[in-house]
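I hope they are handy to read beside the structure.

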Amino acid sequence: MTYRETVMLKDGREMPRLGMGTWHLAEGLHPRPMELSALRAGLDAGVRLIDTAEMYGDGATEELVGDAIRRRDRESLFIVSKVYPCHAGRRSMSRALDGTLSRLGTEYLDLYLLHWRGQIPLEETVSCMEELVESGKVLGWGVSNFDLDDMEELMDVEGGEHCLINQDLYHLGSRGIEYDLLPWMNGNGVPLMAYCPLAQAGRLRQGLVEDEAVRQVAAHHGITPLQVLLAFALHDEHVIAIPRSSSVRHILANWESRTIELTSDDLALLDDAFPPPTHKVPLDME
């Protein structure tokens, strides 16, 4: 199957399927110039999608992204940010968005997501999102960290059917959403935006990249184990992936992964090593 560069959203726009995540950037883990160079290298290579959030670095990450996209053709980019649940109501959502736009140095977001469910009723959040779309400051909205029951409840809210995206954790070692949530989303035209498609750095990622099946697939294609993980996340044409990296080399390797087409034998091998779920499991978050 030929790789599809974009996915069609319900509002008729096309969204890139591979982008750059920014969770944990601008938090002092790496030199800022290094992180900025990585984002700019991705943009120079052709990456158009960047995901961020007001929570990341307490706003510093949005400022980093703003520096990376400055003097670029804004219309060629697809910028996504997320609002704190405590800001997702009538008293503060508009103000939170203005802060995000100011830090990013842009007049609008391509998508604005509710970062996770909080105490503010979904009816109020959806109403505010719809008003922001009407204002032109947001072109569309979605949610993050929603499970199937959350999505079904959202669809019962007036305007809830306008939700364009659900962003959840998804990678080869965390496939729980394949049991019920992902099929529901595919059937209802709501693409998945997979965060941490390479898993968080640490024992879990190490276990994935050292797995014999992953290494066998990597050797078959002449690629790295991390590229196998990203190719796995992207093999479903309804899935968008936003791996994060502070390294130019890794950003470029991630971008190259979009051309990797896993075979049915590859997928069967990975299924044997990391079986898809056979029952409901709680939504995974890292």
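**Notes on the model**

1. Let me begin with a charge and a ring: Arg74 lies over the face of Tyr108, at 4.0 Å from the ring centre. A charge counts as sitting over a ring if NZ of Lys or CZ of Arg is within 6 Å of the ring centre and within 35 degrees of the ring normal. Arg258 has its charged end over the ring of Trp255, 4.0 Å from the centre.

2. A word on the basis of these notes. This is a predicted model, in which local features need pLDDT of at least 70 and side-chain atom pairs count only at pLDDT 80 or more, while totals for chains, interfaces and linings use all residues. Residues are numbered from 1 along each chain as its sequence is written, and side-chain values use heavy atoms, with hydrogens and water left out.

3. Next, the nonpolar cores, meaning sets of buried Ala, Val, Leu, Ile, Met, Phe, Trp, Tyr and Cys residues joined through side-chain atoms within 4.5 Å. Buried is under 20% relative accessible area, exposed over 50%, and partly exposed in between (1.4 Å probe, protein chains only). The largest core has 75 residues, and Tyr112, Met151, Leu154 and Leu270 have the most contacts inside it. Helix 9 gives the largest share of this core, six residues. (Helices, H or I of at least four residues, and strands, E of at least two, are DSSP runs numbered from the N terminus.) A second, separate core of 19 residues includes Met15, Leu111, Tyr195 and Ile240.

4. Do look at Ser81, which is found in strand 5 (residues 78-83). Ser81 counts as buried because its relative accessibility is 0%. Its side chain is joined to that of Glu62 by a polar contact of 2.6 Å. Such a contact is a pair of N or O atoms within 3.5 Å; within protein, one must be able to donate a hydrogen and the other to accept it, and residues adjacent in sequence count only if both atoms are side-chain atoms.

5. How many aromatic pairs does the structure hold? There are four. Rings of Phe, Tyr and Trp (its six-membered ring) pair if their centres lie within 6.5 Å; planes under 30 degrees apart are stacked, over 60 edge-to-face, and the rest tilted. Trp23 and Tyr195 are edge-to-face, because their ring centres are 6.1 Å apart and their planes stand at 85 degrees. Trp23 lies in the loop between strand 3 (19-20) and helix 1 (32-45) and Tyr195 in strand 9 (residues 192-195), so the pair ties together parts 172 residues apart in sequence. Trp23, Tyr56 and Tyr195 form one aromatic cluster.

6. Finally, the salt bridges, of which the structure holds 17. Each is a side-chain nitrogen of Lys or Arg within 4 Å of a carboxyl oxygen of Asp or Glu. Asp44 and Arg72 form one of them, with their closest N and O atoms 2.9 Å apart. Asp44 lies in helix 1 and Arg72 in the loop between helix 2 (60-69) and strand 5, so this bridge ties together parts 28 residues apart in sequence. Asp44 counts as exposed at 59% relative accessibility, whereas Arg72 is partly exposed at 28%. In another bridge, the closest N and O atoms of Arg117 and Glu153 are 2.9 Å apart.
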